[in-house]
Amino acid sequence: MDSSGAPRTTTGWAARDPSGVLSPYTYTLRKTGAEDVVMKVLYCGVCHTDLHQAKNDLGMTRYPAVPGHEVVGEVVEVGSDVTKFSVGDNVGVGFIVGCCRNCSPCKSGKEQYCNNKIYTYGDVYTDGQLTQGGFAASMIVDQKFVVKIPEGMVLEQAAPLLCAGVTVYSPLSHFGLKQSGLRGGILGLGGVGHMGVKIAKAMGHHVTVISSSDKKRLEALEHLGADEYLVSSDATAMEEAADSLDYILDTVPAFHHLEPYLSLLRVDGKLILIGASNAPLQFVSPMLLLGRKTIAGSFIGSMKEAEEMLEFCKEKGLSSMIEVIKMDYINTAFQRLENNDVKYRFVVDVAGSNLHHQ
């Protein structure tokens, strides 16, 4: 309800079926509770998962679905028990808007691993209403799942940090890979991969970008500041790079063989999967056994890690490289994202798209 007691409606762009085509959709927001923050959406990043979810590739989408989970907005109203935020604050929302708060992950600050977490869109909230994301004029989110955007950060560049940034930062933090001097690999140079290069470099790592072709070499080395560029189909170069990396962040959201990358790891090296795909991956066990190597997975990050990551990016002057679009370009943007034709993240100028007039 808004202050007049009337149900609060908003307009977003929703997918209606597995074609994944988005179109304007007006809906009623859930009632605001004492811990809720009402935000006017300013910008929202476009993640590969948005494309997956719009098309129901992961088999869990509930339609109509308004995607968007790299949301930056301005607080326009707060509930009576909200202590962390005030009207006028610039804030961010990521991939999760709820959790059970009682399980072991929740109690230890790892709420992203709660079995009853509530996704920002395409999920069911505690009141039975469908959650809808940031491709919309406004959102209502529990204060636990809202972060303050540090003063001085360019808002549209902050948007991709809320998923891509924390997805990279969390495993580096958790697996003890933050100290300088490490040699890391970033497999796949998309939205998450480009933040991987920037964050790993800012931590003082020697960074190798691993890609399937030579076409991103110039941008990886010159624009993003990677130290080396390795084409995975170049057998000689891959052989020369064997046993050279402490870790690889694997951002590829599709089927790929793991063996070529496992061979690049040193003893005790870690291949950390952060790209979601339903296709089974494969490797032979001696590749792990003979180097005591680890294949691990990591999913986004905790709210605490999101706050840490934003502070880290502010301190190091890091930002994402983006292409700003209006909402009515989103279907073209999805098509281009599918073809890997974006450097490196689309961000929708939601406030500038006049959604309430559509």
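Predicted model: local features only at pLDDT ≥ 70, side-chain atom pairs only at ≥ 80, totals over all residues.
Helix α11 spans residues 330–338, and its buried residues are Ile330, Ala333, Phe334, Arg336 and Leu337. These residues lie on the same side of α11, because the arc they cover around the axis is only 165°. After α11 comes Asn340, which has a positive phi near 55°.

## Annotated domain

The unreviewed UniProt entry carries the annotation "domain: Enoyl reductase (ER)" for residues 20–348. This span is 25% helix and 26% strand, and its end C-alpha atoms are 17 Å apart.

## Aromatic pairs

There are five aromatic pairs in the structure. One of them joins Phe95 and Tyr119 in a tilted arrangement, with 5.3 Å centre to centre and 55° between the planes. Phe95 sits in the loop between β5 (90–93) and β6 (96–98), while Tyr119 belongs to strand β7 (residues 118–119), 24 residues apart. Phe95 and Tyr119 are both buried.

Phe95 also pairs with Phe299: the ring centres are 5.8 Å apart and the planes stand at 50°, so this pair is tilted. Phe299 lies in the loop between β15 (294–297) and α10 (303–316), so the pair ties together parts 204 residues apart in sequence. Phe95 has a relative accessible area of 9%, whereas Phe299, at 24%, counts as partly exposed.

## A charge over a ring

Lys144 lies over the face of Phe145, 5.9 Å from the ring centre.

Key
Residues numbered from 1 in each chain as written. Heavy atoms only, no water. UniProt positions renumbered as here; feature names shortened; annotations may be inferred. Helix = DSSP H or I, 4+ residues; strand = E, 2+ residues; numbered from the N terminus. Buried < 20%, exposed > 50% of the residue type's maximum accessible area, 1.4 Å probe, protein only. Arc of directions from axis to C-beta. Phe/Tyr/Trp six-rings, centres within 6.5 Å; stacked < 30°, edge-to-face > 60°. Lys NZ or Arg CZ within 6 Å of the ring centre and 35° of its normal.
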